[in-house]
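Subject: Structure handover

Hello,

Here is the structure I promised you. Please open it alongside this email, and then read on for what turned up.

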Amino acid sequence: MISEQEFHVLEQDADSGLPFQVSLRAINKSVGLAAFGLPFALLVAGGLGGACPTIDSISHYYFTRIGGDILVGALSFIGVLLLFFYKLPDGQTGTTGRVDGYLGHKPLDIWLARLAGLCAWGVAFFPTDGAGCESFGGSTARVFLNDVTGGDAFDPPTVTGVPGFDFWAGTGVTNVILTNLHFISAGGMFLILAYFSIVVFRRPQSKTCALRAENKEIRLGANKGRRNRWYLIFGVLILLAIAALVIKALVFRPGTSGLDWWNRNDLTFWFEALALVAFGLSWSMKGRLWPFGRMAD
């Protein structure tokens, strides 16, 4: 037998087909941890897999032994959570919503979160091209063979072809289009995530904070104020990383010494890692992962 309270929960979520309520806090925490851990996981995987020691960008880990699986898996995981699970109950407005802690979210914010999920998929499934390494020096890389000949029927079994760092080679699709889709997806995802950190997460989200915000004479509590300062810092770091990558694209042209210097120092990787870590810290804080962030005001 189930209790009356359990029956009420089941009835509440009957339309979703789930016998439980999806926790937005857990979703934020999961998204944040996946983003935060991605650059570190790629560095470890690259080291264990014998990858090029100086890979230009996060995206170029797609062409490493294990890093490509981690990259696509993490981005797909983030995309699924944002696209299908990030939602608010019907009728959530102001202090009358059922999800305390998320009362400041508006319908536009939910659609933007879903768009960020699509962008995460775009980064994963429209991979960048190029080796992303100045000198492999005997390291291991995952490449695609074009114009392949040979096979298991040969004695001994042999396969030969033209190696390349282009997932879409031979499909007839212009590589410029796919590369642009990759960059547009990455830029769109990070811009939306910066918006969430700077704007959405800093709104009064709990009933207590919402009531305090309505009463101009009462300041927000110390914990909410502290979290808001961190959200702002994380959002600004994401925007700074985006700005650095835009400047690089506009200033350093292919074949110039400036671009060679940039790539030798793997600055694209480090700025992308900065954006991912800031994104991860912001969203995991919203998921109340960190001790001081768990306290409500």
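Below are the findings, from the whole chain down to single residues.

Please keep in mind that this is a predicted model.

**Overall**

The protein chain has nine helices and two strands. From the N terminus, the order is α-α-α-α-β-β-α-α-α-α-α. The chain holds 297 residues, and 42% of them are buried. Its accessible surface is about 15900 Å². Carbon and sulfur atoms account for 65% of that surface. Take the contacts between residues at least 6 apart in sequence: 74% of these join residues at least 24 apart.

**Helix H3**

Helix H3 covers residues 67–85. Its 19 residues should span 27 Å at 1.5 Å a residue. The C-alpha atoms at its ends lie 26 Å apart, which agrees. Several H3 residues are buried, including Gly 67, Gly 68, Leu 71, Val 72, Leu 75 and Ile 78. Further along, Leu 81, Leu 82 and Leu 83 are also buried. What covers them? The cover over the buried residues of H3 includes helix H2 (24–48), helix H4 (107–125) and helix H9 (267–286).

**The disulfide**

A disulfide is a covalent bond between the sulfur atoms of two cysteines. The structure holds one. Cys 52 and Cys 133 form it, with their sulfur atoms 2.0 Å apart. The partners come from distant parts of the chain, 81 residues apart. Cys 52 sits in the loop between H2 and H3. Cys 133 sits in the loop between H4 and strand E1 (144–151). The torsion about the S-S bond is about 80°, so the disulfide is right-handed.

Are the two cysteines buried or exposed? Cys 52 has a relative accessible area of 5%, so it is buried. Cys 133 is at 12% and counts as buried. Cys 119, at 11% relative accessibility, counts as buried too.

**Asp 109**

Asp 109 lies in helix H4. Its relative accessible area is 1%, so this residue is buried. Leaving out residues up to four places away in sequence, Asp 109 touches Gly 104, Tyr 195, Phe 196, Val 200 and Arg 203.

**Aromatic rings**

A pair of aromatic rings is described by the distance of the centres and the angle of the planes. The whole structure contains 15 aromatic pairs. Tyr 195 is partly exposed, with a relative accessible area of 23%. Phe 196 is buried, at 1%.

Trp 262, at 6% relative accessibility, counts as buried. Phe 271 is partly exposed at 26%.

Which residues do ring pairs link into a cluster? They are Tyr 195, Phe 196, Phe 201, Tyr 231, Phe 279 and Trp 283.

The charged end of Arg 114 sits over the ring of Trp 111, 4.7 Å from its centre.

Best wishes

Note on methods:
Residues numbered from 1 in each chain as written. Predicted model: local features only at pLDDT ≥ 70, side-chain atom pairs only at ≥ 80, totals over all residues. Heavy atoms only, no water. Helix = DSSP H or I, 4+ residues; strand = E, 2+ residues; numbered from the N terminus. Expected span 1.5 Å × (residues − 1). Buried < 20%, exposed > 50% of the residue type's maximum accessible area, 1.4 Å probe, protein only. Contact = heavy atoms within 4.5 Å. Disulfide = S-S within 2.5 Å. Phe/Tyr/Trp six-rings, centres within 6.5 Å; stacked < 30°, edge-to-face > 60°. Lys NZ or Arg CZ within 6 Å of the ring centre and 35° of its normal. Areas by Shrake-Rupley, 256 points an atom, 1.4 Å probe, with all protein chains shown as cover.
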